[in-house]
Amino acid sequence: MSHSVLTSGALPGGLIVLPGVYQPQADTHFLAEALAQEDIGAGTDALEIGTGAGALALQAAGRGARVTAVDVSWPAVATARLNARRRRLPVRVLHGDFAERTAGRRFDLIVANPPYVPASAARPPSRGPERAWDAGPDGRWIIDRICARARTLLRPGGALLMVHSAMCGPEETVDRLTGAGLAAGITARTSVPWGPVLRSRRAWLEGQGLAAEAEEWEELVIIRAQSL
């Protein structure tokens with residue numbers, strides 16, 4: 001596979017990112033490229049799970065979608081609200097667990113860049129910036145919850161776009177979404193250099209068989225699932 005460092009003109013520039021909030025990075029840009037290919041307009045009800053600074057929510061709102069964005073981090077919620085206000089875009093930003101905050105609602109489009117970095121702790125952290133990336137020993141704690149909820153959150157014909165690392169088992173994600181009654185597949189792949197988080201836990205990742213010795217590049221995937 002060829003290695004690439006992604007940049008994209010699809011994301012809004014000049015975002016304010018408060019301390020402790022995930023700075024849009026290569027995975028955000030990669031997902032933005034996929035989002036740019038979706039048919040979005042004034043009639044689109046969209047949901048972003050784990051909005052962070054709000055970049056993807058703003059991208060969808062800028063194309064006319066009615067966007068709800070959810071994050072468990074209060075600093076992220078404040079950041080996304082601030083960025084939406086500065087751009088005068090009507091993004092509704094909610095604090096809390098995505099499943100609880102969207103109960104009873106359905107959407108035409110769901111976008112998710114969930115925490116997916118494998119971590120030695122049995123459960124993700126309850127506070128701190130690590131909440132944006134740590135996701136349990138297999139990296140799937142949030143991914144699996146999204147897979148389990150996706151069908152009930154999507155309207156007929158609606159689509160889920162999710163990005164995560166190949167370390168987390170993309171085929172399992174596809175199988176879970178397909179098993180839930182969605183048409184799912186991997187629609188794009190790319191590789192990006194390891195960042196400081198992966199480098200800091202190299203020995204543990206190698207010991208778990210999640211990374212090869214001296215590995216320096218991480219494969220990312222876009223998974224798209226559509227309600228039938």
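Arg201 is buried in this predicted model, with a relative accessible area of 18%, where buried means under 20% relative accessible area, exposed means over 50%, and partly exposed is what lies in between, using a 1.4 Å probe and protein chains only. Since the model is predicted, local features need pLDDT of at least 70 and side-chain atom pairs count only at pLDDT 80 or more, while totals for chains, interfaces and linings use all residues. Residues are numbered from 1 along each chain as its sequence is written, and side-chain values use heavy atoms, with hydrogens and water left out.

Let me stay with Arg201 for a moment. Which residue does Arg201 form a salt bridge with? The partner is Asp134, and the closest N and O atoms are 2.9 Å apart; a salt bridge here is a side-chain nitrogen of Lys or Arg within 4 Å of a carboxyl oxygen of Asp or Glu. This pair links distant parts of the chain, because Arg201 sits in the loop between α7 (196-200) and α8 (202-207), whereas Asp134 sits in the loop between β4 and α5 (141-153), 67 residues apart. The helices (H or I, at least four residues) and strands (E, at least two) that I name are DSSP runs, numbered from the N terminus. Asp134 is buried as well, with a relative accessible area of 11%.

In general, side chains of opposite charge can pair when their charged atoms come close. The structure holds 14 salt bridges, and another of them joins the side chains of Arg140 and Asp144 at 2.7 Å, N to O. Arg140 is buried, with a relative accessible area of 1%, and Asp144 counts as buried at 18%. In helix α8, Arg202 and Glu206 meet in a salt bridge at 3.4 Å, N to O, and because they are four residues apart in that helix, about one helical turn separates them. Arg202 is buried at 19%, but Glu206 counts as partly exposed at 28%. Elsewhere, salt bridges that share partners join Asp45, Arg66, Asp108 and Arg155 into one network.

Now to the sheet. In what order do the seven strands of the open sheet stand? They follow the order β3-β2-β1-β4-β5-β7-β6, with mixed pairing, and two strands count as paired if DSSP finds at least two bridges between them. At the edges stand β3 (91-95) and β6 (182-193), each with a single partner strand, so one side of each is left without a neighbour in the sheet. β6 and β7 run antiparallel and are joined by eleven bridges; Arg189, for instance, has Val221 in β7 as its bridge partner.

Strand β7 (residues 217-227) also contains Ser227, which is buried at a relative accessible area of 11%. Leaving out residues up to four places away in sequence, Ser227 touches Leu154, Arg155, Pro156, Gly157, Gly158 and Leu182, where contact means heavy atoms within 4.5 Å.

Helix α1 (residues 26-35) lies across β4 (107-112), β5 (154-165), β6 and β7, running at about 150° to β5. For such angles, axes are lines fitted to C-alpha atoms, for helices over the stretch in contact, and angles run from 0 to 180 degrees between N-to-C directions. α1 is mostly covered, with eight of its ten residues buried, and these buried residues pack against α2 (55-62), β4, β5, β6 and β7. Helix α3 (residues 74-87), in turn, lies across β2 (66-71) and β3, running at about 170° to β3.
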